[in-house]
Amino acid sequence: MGKIKIIFVNDSYHSGGAEKILQELVNHMPEDKYEITVQTPKEAKAFYKYYNKNINYYQAEPLSNKFYKKNNIFYKIIRKTLMPIERKIRIMQINYNYDIIVAFKEGPSLNYVSRTKIRKFAWLHINFDAQHWTKRYYKSSDEEYRIMSGFEKIVCVSESVKKGLERHVGKLANTVVLMNPLDENKIKQKADFSNQVSIFKKEKISFLCVGRLNFAKGYDRLVRIVEKLEKKTLDFEICIIGEGEEREKIEDLISKRKVTSIKLIGYCENPYPYMKKADWFLCCSKFEGFSTVLQEALVLGKAIITTDIGGARELLGDSEYGIVVENSEEALYCAMKSIIENSEKKEYYEMMTLERAKLINVEKSVSDILLLFERN
């Protein structure tokens with residue numbers, strides 16, 4: 001019996017949380033059993049910086065994408081003409097050359113994969129209650145439900161993603177909840193790199209946030225919370241690693257509120273040494289499907305405080321293994337104030353996260369996923 005030919009379709013090969021999980025999955029799939037291809041619409045020049053050499057790469061619609069975002073009506077007409085032709089040809093190639101196709105993200109990737117005639121799987125990462133942005137790709141919820149029903153399995157990355165899907169699209173018979181694969185050993189190794197300059201002051205209680213500077217991450221309300229904490233003359237500091245479209249807005253808010261305890265570090269390829277050195281890992285997100293950085297903080301044995309977002313209680317329980325607070329500005333303020341005033345909480349939760357970190361096992365997570373691809 002030959003290798004199973006499987007292709008993963010996504011809108012990007014490297015950028016966000018979903019892409020990081022895709023890398024972990026395909027890099028840990030047995031190459032003696034699977035012939036793996038990753039397909040994206042944009043050229044991936046640094047593909048093999050993140051993916052193993054045995055993973056194949058394919059750029060979809062290469063001709064029409066040459067005319068993407070060109071401020072020229074003629075170019076737009078060419079692209080609009082070329083794309084459906086290229087897509088039809090590619091889907092025919094996929095039907096002929098592969099055994100399994102996986103849409104690794106909702107929206108356009110899922111729609112693309114739904115047109116194929118081979119075994120189909122899809123991953124859902126979004127919080128449908130807060131951000132049901134995929135509905136713009138369908139005429140109605142009934143159409144979205146019908147298209148998703150045509151997949152062999154729909155993988156939800158958390159129970160909250162599944163429940164949100166049921167509320168906004170419908171209760172599908174083909175859904176399953178599986179934990180994202182995360183290479184715990186690689187994270188520990190990266191955390192031991194010691195060439196980074198320290199970003200924390202030893203005499204202060206330190207919090208670290210890691211995530212894109214956007215609305216969902218809730219950094220605007222964090223600034224307001226810090227303003228209130230500073231008025232209590234509490235001694236602490238918060239460093240935020242990440243870049244994004246709301247950087248200027250956050251900087252303006254920090255300046256306007258005269259906040260001095262927040263430092264924007266910017267993008268960092270390897271945030272783990274900083275994560276390891278921080279006293280607390282802080283997640284102030286307004287919504288997420290599943291927070292990968294919470295998994296990473298668990299692996300490093302960090303004391304964690306997070307809002308009640310997707311996956312938080314699945315990882316941390318009802319604050320047994322980390323502090324999970326109501327997703328509101330006031331609740332997060334009260335919890336942070338309590339942490340700063342009671343330093344003994346740090347040691348307790350570090351002990352608890354080390355115990356809970358046993359839950360993170362990349363081999364088991366990948367094995368659970370591969371069971372989906374094996375026929376009964």
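**Ground rules.** I number residues from 1 along each chain as its sequence is written. The model is predicted, so I ask for pLDDT of at least 70 for local features and 80 or more for side-chain atom pairs, while totals for chains, interfaces and linings use all residues; side-chain values use heavy atoms, without hydrogens and water.

**Sheet.** I looked up the strand order (strands are DSSP E runs of at least two residues, helices H or I runs of at least four, both numbered from the N terminus). An open sheet of seven strands reads β3-β2-β1-β4-β5-β6-β7, with parallel pairing (at least two DSSP bridges between two strands). β3 (56–59) and β7 (175–177) are the edge strands. I then checked β4 (residues 100–103) against β5 (residues 119–124): four bridges join them. I101 has K120 as its bridge partner in β5.

**Cores.** I searched for nonpolar cores (buried Ala, Val, Leu, Ile, Met, Phe, Trp, Tyr and Cys joined through side-chain atoms within 4.5 Å; buried is under 20% relative accessible area, 1.4 Å probe, protein chains only). The largest has 86 residues, and F8, M29, L208 and F373 have the most contacts inside it. Helix α16 (residues 362–373) gives the largest share, six residues. Another core, of 34 residues, lies apart and includes I238 and Y349.

**Cysteines.** I counted disulfides (cysteine sulfur pairs within 2.5 Å) and got zero. C284 is in no disulfide either; the sulfur of C209 is the nearest, at 4.7 Å. C156 is buried at 0% relative accessible area, and C284 is buried at 2%.

Key. Buried < 20%, exposed > 50% of the residue type's maximum accessible area, 1.4 Å probe, protein only.
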